[in-house]
Amino acid sequence: MIPYLGIMLASLLLGIIGVLLVNERHSRVVGSVFSGITMLLAFAVLVSGIQSGSLNFSENYIYYISQFNVSLNLQLTPISLALVLMASVVAFVTVFAGNPEHEREKTASALILLFEFAAIGLFASGNLLLFFIFWDIGVLALFFMIYLLGSANRRRAAIKFLIYELLASLLLLFAIMLVYFYTPMHSFDINYIIANSVTMSSSTQTLIFAFLFVAFLINMPVFPLHLWLPDAHTEASTQGSMLLSGVLTKFGGYGMLLAFALIPAAANFSLFVALLGGFSAFYAAFVLMTQHDIKRVIAYTTIVEMSIILVGIATLNPFGTAGATFAMLAHGFAISMLFLVAGSIGHIFADRDFRAVKGVIASSAATGYTFLIGVFATTGVPLTAAFIGDVLIFLGAIRAFSAMGVIPLLSLGIVGAYLYYVMNKSVFSTREVSKTIEYIGSSQKLGYAILLFFIFLFGLLPFLILNFFNL
Amino acid sequence: MIPYIGYIIAGALFLFVATDILAVWHKKLKLQLIVSTALLGLLALTALYGIMSGQSSVALGIFNINPFSMLFVLLFSLSLMLVNFLAYEYSNDYAAFLMLLGFASIGMFAIAMANSLVTILLGIELMTVPTAFMIMLNGKQFVESAIKLFILAAIAISVLSFAVALVFPYDPSLALASLATNPGISGTYILVLALLLFITALSFDASLFPFNLWIPDVYTGAPGYVTALLAGINKKVAFVALFEVLLLVMFPLAGYYSSALQALAIMTMFFGNIVALVQNNVKRLFAYSSIAQAGYITLGIVSVTQYGIEASIFQIIVHSFMIIGSFAIVLWLESKNIRTITDYNGLGSRNAFAAFALTIFMISLIGIPPTAGFVGKFLLFTSTINVGLLALTIIAVINSFISVYYYAKVIMSMYAKKDRSAMKATWSINAVVLVCLAVVIVFGIFPQPLISMASAAATAIFPI
Amino acid sequence: MIELLVVFPLVAAAILSLLLKRSPKAAGYIALLAALATLAIALSIFISPGAPQSFQWFTAGNLLFSISTTAAPINILLLMLVSVITPLIFLYSIGFMRVPSEQARFYFEMCVFAAAMVLFSISANFITMFIAWEMLGITSYMLIGFWYRKEHAPTAARKAITTILIGDILMLMGILLIGAAYGTFEFSAVLSAPGSPALDLALILILLAAFTKSAQFPFHEWLSDAMEGPTPVSAFLHSSTMVKAGVFLIAVLLPLYEAAHLLPVILVIGLVSALIGVSNALTDRHIKKILAYSTIEDLGLMFVALGLGSLPAAIALFFVQTFYKALLFMGAGAIMRANDEKEDIYKIYGATLSRPLIAAMAIGALSIAGIFPLSGFFGKAMLEGAAMQNILVYTIIFAVELGTGLYMFRWMFTVSRKSYEQTSTLKLNYGSIPKSMMVPIYVLAAAVLVASIAYLYLPTYLQSSSGGASISDGLIGMFASIIGIALAYRIYLQGHRVHLESTSPGMFAVVHNSTLVNSVYLKITRTFSYAAGLAMYIDFAFDKMTYGFAQALISSGNIIRKVENGQTNMYVLGFVVGMVVLVLAFIL
């Protein structure tokens, strides 16, 4: 059996070294090549999984801390497979298409590969300590992406991001240490904990879950701990934003799925969690309506979508879980595409306020139409991947919480209405044509095409992923 | 074979001090640097051998040879080597410094290998007093710091002697490990008093609040290489002494010192971290940071388990390298008159290596993987959770969180804007930083060898 | 076979998307070819329907998501209507679309729409239906905003998609409720399933969605704005096909609504919408908007028929409306072409200058007014027959009929006026309307006539138990229409025009109530904006709170640092106090 996961991680590390060795001009190409290899490997994993009908990827490497029986232990569940696929695609597109200005490409490429390394490691880790370590590496990589490559006010946004994220990471650290000491055999192994966490007393479980919950809530992000996200997006570069909403928020989503799996007593709080998710979806949708910066608008859609995903996670049934996973996959593609579009708009017009940007469609039809399809993919139009995710989430929610479970879906109506308003003002409008400053290159268009391909691939053929789930 | 280790160490140490003293006359500084480095290297190798052999014995009647003492001999000799390089470059009177360092090193190694309370008392004295003079050597502006240290050290040492005196009636041999074997004495007020005085006196050097008020002033006011010595070695020596006293002598009173140290650790962490938030001078910021780190290290002792001690030892070792590396950069920049956080603007483009190294040290000080600082903190936090001290652990976690802000401020300042005027660091700074960086990263990714050593040391020192 | 229906327009769309910039001339013909191919297949299905088909899409547990099609009579009826209209519209567009650069985009969007509409007409389960439903909404959005350089087109498109989006989400909620409750999405299975509260709720949600799509009160205002789109789009999407999707869906699910006692709701909304349609059509001046309000009225009447539980009447209206409405829109397009694309009927002249055109238009107008023996009459007759029992409903229908005659001929008479200044130019203009625009108009006029005969077979074809309407049922309605036409003749042709707008503004506001409805829409939007403002304020407050916390921490740092005053005696004091406190804490 080929150790795909290990090769993926190794390829990324090699990629980082490669990027650092070559000069500024070639760094993007080198980064794209190694990221592309990783993406192909991720799809090789999917193909071999489909062929064998099950996921048997478990790889063990060198010991990290033998005292805790922690080794580099990688495994794939259906959930992590979906997220690894998504992360590898998004990172690949990010590294070659996300920087139309070609600014500091070497730094950017190296950090993107580092982040991709962390993301894939996190989604594939079979061990909580590794999960935490990859989490922190990812957070640091993105912190530097925001800070080194961001716009004028990045300082405040970056420190806000770092503080929120490290609060999450420290809470997570505390929680996994508790898990370790309260499991009978003292272990960080995820499978072992899932099998044995019932033996913990319910108060301990509640305590652990509370810490995990808050940590992942920050990361997802869901009201009231979402404040870092819009600011981070406003200041981050296009590449930073793509990874931030596309992949980083999935750390929290994946973690939340994991938290419910690890802690049986968490089931007691599922209703509360779902209510919070539902409220947060509407809340973020309303705040969205007050935003004018295209990137902030898109950032708030992330909060809405992640809140809906939280509802799906809280259903605790196979539908909700599969739906949340699928929605995360879909959201990763869609949101990174939207940020790529926002980046292109910023590049073309040197402005991102949708009231000031006029006639995107006239300046760059590809950008305009991709934006439009991105809006479809966000509001869950059928044949885009988001539709499958939403349908499964709310089927699960109806089963878990009766007909009331379907209410959060309405928040997408608010989001859609406002996004169409944005489209109306910026994309389909030539009343006062704003000045085209730059043109976008073919790499951006190729980036759109790749992400569109995956949005429709998984929208049309959802069984590629869903067959691995035990629905 | 074991006895020879004692002879080799004693011999190397003697030669180290002797050549250092000779250097005051012959003034061949470069030669002296090579000789002292070689002798320290010999010490380190011997100590490494001692750890590997894993046996315990007493050499020359006064030196404990066991994994614990050998590990610290190794650590101190390596750190001294690094400080020695820094001093060679930046000291105005390197020969005199080296002579004082020689005396201080006797104190340090004596404490690492002590088997009697008297050795500890003398060792602390021998270490602290020359340090005060080292500060003074570099010029008039340093005298104030030296005097402060001298006055406060005098008080601490007198408290320490008093504590030793209080133990004397109960155990005239004053040997380490003899009281511990006598369980009948627990709860004796005089001994409790002695215990508290030991903690007080050693907290002075170990920089636990409120016995550490001198630290920010002296660290900031001392030449950078002495600050590195104070933060990277002197403080660690105090912790070693603390281990020896608490675990070997006062073990029956574990209940007392555990709660006392818990209070001190909490106060120290909060004091260090919160005041560090408002610092603008990077050197001073690192002084507060190192206070906070002392608080974390104390967590391992609070749990009074072998595992906790192992965690503390690991963190002590890692912190030595982090802080010496950081102060090396601070020292170098200070010589270019770059002191405040805003002065650090653009360092990332002026000297990428230094900025990168400082960033890694700070990430490690926050405790973010994959650095050794994370492993240390992880071990410490697990040690307190292990004994059910959840509240204490949460406080420590909160403190880690607070610390993010001030470290991030420095990191962000370094990468804030581009400054094209490149700055080259001297070879000794680069070498020291590189070694420290390697330790922080390598033991961050492969911590197991160091954990094993710390574990062996903890087994050696921990009673029962 | 049945899958080819969707394939042809989609293949055409794919080809067109590749051609986007290269050969604009060919675009229309490619689309036309695809439409004719679809028509051929539709005919073959009409002749031999074949069994329902199902393609598995994916499964989620026991829930099967499939693309299911059926060839039930009612589906084939819609399919035939769509596939007959499509080539006519495309042919019309070839003459209509004059901007070369936009050709391919136009036909691309139209082809995608045609595919969606065909798929909708043969869908046999909620999933297939919903996919088509969403595609209809999206293509409608794209086509309304087709002239995005026009001032109001993008806004009109947004208004439409916003309304439709609300419907889409309500629809999805309803579908999910049904799927979760019954474990199936098939119409046939749901129709035979026992009722449940979840089903009732789902039915209400789906009904609301149908109202948004079919432009019924209170979701009707988007349709008149949708006239910003090109005329073929108005003729195709916003009169004859897409807007009837809601009616069609409710017709398919009618037994469920009957069982859930929701028919009165449908009836009332239908009546209200019909009245609103008539009153606005009477007062509007925009040549296409009058027809749009007329469409709202038509759809309202279809819902009335459904509300009365009379599926045949609804289908009959459904069937006949397609032809006369498409005809009228196309005619309106031709008249606008001759009048320099003017939109105000009072600025449009001389429709009589083209005799064939005015004749065709007259057939359409008389049909909509329900004059025997045109097809419109039979539809109305069935409706009135169904309403016979309910005197109130009957009265309202009577009033609506009267209004229909009045507004339709107001429209006809006004655009037919002679313009003395520019007769020669107008004559030239009317003469130069392209053949490709005129031919579909004649074909449709013929279809309106033929539909009267085809209508006789409709009840048999639908295998409906209730037979066709008796002609006598429709006579009273026809009488009302004739009164309306007479009134129109008197007022608009003999110059007794009432300027309600200036003489009685209050009355005008009530009759021309679109302004009122739009202001209510605006109020709702405002309310949402206030809620949004509140939410943003909360966001802001939370942000300030976290900053305040951080600030407090930093200030405490500033306080504590006062200990560090540089004085040695302070440090000694700290040391001693610490020692004393430590000792006292343990010794005492």
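Me: How many residues of chain A are in contact with chain C?
Reply: First, a caution: this is a predicted model. To read a contact between chains, count the residues on each side. Here 40 residues of chain A are in contact with 38 residues of chain C.

Me: Which elements of chain A give two or more residues to that side?
Reply: They are helices H11 (270-288), H13 (318-349), H15 (365-379), H16 (385-401), H17 (411-427) and H19 (463-466) of chain A. H17(A) has the largest share, with seven residues.

Me: How do the residues on that side of chain A divide into nonpolar, polar and charged?
Reply: Sort them by residue type. The side of chain A that touches chain C has 31 nonpolar, seven polar and two charged residues.

Me: Now chain B. How many residues of chain B and of chain C does the contact take?
Reply: Read it the way you read the last one. Chain B brings 25 residues and chain C brings 23. Four helices of chain B each supply at least two residues to its side: H6 (143-167), H7 (189-206), H8 (214-221) and H10 (254-276). H7(B) gives the largest share, six residues. By type, the side of chain B that touches chain C holds 22 nonpolar residues, one polar and two charged.

Me: What share of chain B counts as buried?
Reply: Of its 464 residues, 65% count as buried. Take the contacts in chain B with a separation of 6 or more: residues 24 or more positions apart account for 81% of them.

Me: Which domains does the assignment give for chain C?
Reply: Read the residue bounds. Domain 1 is 1-260, domain 2 is 262-508 and domain 3 is 523-587. The centres of domains 1 and 2 of chain C, taken over C-alpha atoms, are 24 Å apart. Between these two domains, 39 residues of domain 1 are in contact with 44 of domain 2.

Me: Which element gives the most to the side of domain 1 of chain C that touches domain 2?
Reply: That is H3(C), with eleven residues. This side of domain 1 divides into 27 nonpolar, ten polar and two charged residues.

Me: In what sense do strands E1 and E2 of chain C pair?
Reply: Begin with the general idea. In a regular strand, side chains alternate between the two faces of the sheet. Now the case: E1 (residues 53-60) and E2 (residues 63-69) of chain C pair in the antiparallel sense over seven bridges. C:Thr59 stands opposite C:Leu64 in E2(C). The two strands form a hairpin with two residues between them, and C:Gly61 in the turn has a positive phi of about 65°.

Conventions. Residues are numbered from 1 along each chain as its sequence is written. Chains are lettered from A and ligands numbered from 1 in the order in which they are written. This is a predicted model: local features need pLDDT of at least 70, side-chain atom pairs count only at pLDDT 80 or more; totals for chains, interfaces and linings use all residues. Domain bounds come from an automatic or database domain assignment. Two residues are in contact if their C-beta atoms, placed from the backbone, lie within 7 Å. Ala, Val, Leu, Ile, Met, Phe, Trp, Tyr, Cys and Pro count as nonpolar, Asp, Glu, Lys and Arg as charged, and the others, Gly among them, as polar. A residue is buried if 20 or more other C-beta atoms lie within 10 Å of its own, exposed if 12 or fewer, and partly exposed in between; C-beta atoms are placed from the backbone. Two strands pair if DSSP finds at least two bridges between them.
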